[in-house]
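Here is a short briefing to read alongside the model. Take a moment to look at the fold, then follow the points below.

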Amino acid sequence: GVAPPALSPDGAGVLFLTDLGNGDVGTRFLDLLTGDEVDVVAGGHADWHPDGDRIVYCLDEVLHVAWSDGSGATTLALDGQPLIGCDPEWSPDGGRIAFKVIPEVHVVEVACDGVDCEAMNPVQLTDNASGGPTHSSHDPSWSPDGQWLTFMTYTGDVAPQTVEDAAYHDQVEQLLRWNVEIADPAGGPVQALTQSVDGELVASWLPVFAAQGG
């Protein structure tokens with residue numbers, strides 16, 4: 001199978017996670033104009049920098065950055081330490097990356113000089129580990145203006161680690177309720193947009209179009 005696709009900023013290609021054919025999974029690029037495919041990096045859940053020159057992805061639960069062709073791969077670090085996480089998504093202005101570290105969603109500022117990117121000023125948006133019905137938050141998605149983040153959460157009468165270890169198991173899934181939540185990426189309060197929806201959800205933002213007729 002393939003997942004999750006990330007359309008390039010110019011709309012000419014897609015990055016996606018797939019089986020590389022040797023027992024490993026990695027990120028592949030599909031050229032939508034020619035149909036050509038090329039393996040880019042090991043690891044997955046890649047997302048584009050808004051300028052299309054760089055990508056961020058997770059490998060062995062560590063965030064990495066590279067040029068869009070996979071060259072120059074380097075570990076994204078915070079205070080000299082590898083930045084643990086997955087589901088990374090670059091903000092529309094390229095200045096921040098949102099990501100998950102089970103069971104929370106985080107945001108970190110990022111400054112890039114060439115392919116090397118420095119992380120700073122981390123913010124933890126959610127507080128699931130302190131107790132309550134929510135087990136985990138994941139799949140952050142930036143609003144087109146960069147002022148909001150949505151992410152998915154799941155709740156249920158099972159232990160968090162049981163859910164992670166038995167993902168998509170029918171008996172576990174029946175106990176879960178999925179919701180879309182939203183927060184100010186600077187650290188504002190989390191608000192629920194849905195309540196106890198059956199089945200997994202994935203939230204997406206509509207693009208912002210210029211007003212017609214001036």
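**Arg 54 and its surroundings**

The side chain of Arg 54 reaches the side chain of Asp 51 in a polar contact of 3.4 Å (a pair of N or O atoms within 3.5 Å; within protein, one must be able to donate a hydrogen and the other to accept it, and residues adjacent in sequence count only if both atoms are side-chain atoms). This is a predicted model, in which local features need pLDDT of at least 70 and side-chain atom pairs count only at pLDDT 80 or more, while totals for chains, interfaces and linings use all residues. Residues are numbered from 1 along each chain as its sequence is written, and side-chain values use heavy atoms, with hydrogens and water left out.

- Arg 54 belongs to strand β6 (strands are DSSP runs of E, at least two residues, numbered from the N terminus).
- With a relative accessible area of 10%, Arg 54 is buried (under 20% relative accessible area; exposed is over 50% and partly exposed in between, with a 1.4 Å probe and protein chains only).
- A polar atom of the Arg 54 side chain also lies 3.3 Å from the backbone oxygen of Gly 114.
- Not counting residues up to four places away in sequence, Arg 54 touches residues including Asp 47, Trp 48, Trp 67, Trp 90 and Cys 117 (contact means heavy atoms within 4.5 Å).

**The aromatic pair**

- How many aromatic pairs does the rule count? The count comes to 1 aromatic pair (rings of Phe, Tyr and Trp, the last by its six-membered ring, with centres within 6.5 Å; planes under 30 degrees apart count as stacked, over 60 as edge-to-face and the rest as tilted).
- The ring centres of Phe 29 and Trp 48 are 6.1 Å apart and their planes stand at 75°, so the pair is edge-to-face.
- Phe 29 is in strand β3 (residues 25–31) and Trp 48 in strand β5 (residues 44–48), so the pair ties together parts that are 19 residues apart in sequence.
- Trp 48 is buried, at a relative accessible area of 9%.

- Strand β1 (residues 3–7) pairs with β2 in the antiparallel sense over 3 bridges (two strands pair if DSSP finds at least two bridges between them).
- Ala 3 has Leu 17 of β2 as its bridge partner.
- The hairpin of β1 and β2 has 5 residues between the strands, and Gly 11 in the turn has a positive phi of about 75°.
- Strand β2 (residues 13–19) has 6 of its 7 residues buried, so it is largely enclosed by the rest of the structure.
- β2 and β3 are antiparallel partners over 7 bridges, with Gly 13 opposite Asp 31 and Phe 16 opposite Arg 28.
- In the hairpin of β2 and β3, with 5 residues between the strands, Gly 21 has a positive phi near 90°.
- β3 and strand β4 (residues 37–42) run antiparallel and are joined by 5 bridges; here Gly 26 stands opposite Ala 42.
- Gly 35 takes a positive phi near 85° in the hairpin of β3 and β4, which has 5 residues between the strands.

- Strands β12 (residues 96–101) and β13 (residues 104–113) pair in the antiparallel sense over 6 bridges, and Val 101 stands opposite Glu 104.

**Nonpolar cores**

- The largest nonpolar core has 15 residues, and those with the most contacts inside it are Leu 76, Leu 83, Trp 90, Ile 97 and Val 108 (a core is a set of buried Ala, Val, Leu, Ile, Met, Phe, Trp, Tyr and Cys residues joined through side-chain atoms within 4.5 Å).
- At least two residues of this core come from each of β6 (54–59), β7 (62–67), β11, β12, β13 and β14 (116–124).
- A second, separate core of 10 residues includes Val 40, Ile 55, Tyr 57 and Ala 66.

**A buried Asn**

- Asn 179, in strand β17 (residues 176–183), counts as buried at 7% relative accessibility.
- The side chains of Asn 179 and Thr 194 make a polar contact (3.1 Å).

Definitions and conventions. Helix = DSSP H or I, 4+ residues; strand = E, 2+ residues; numbered from the N terminus.
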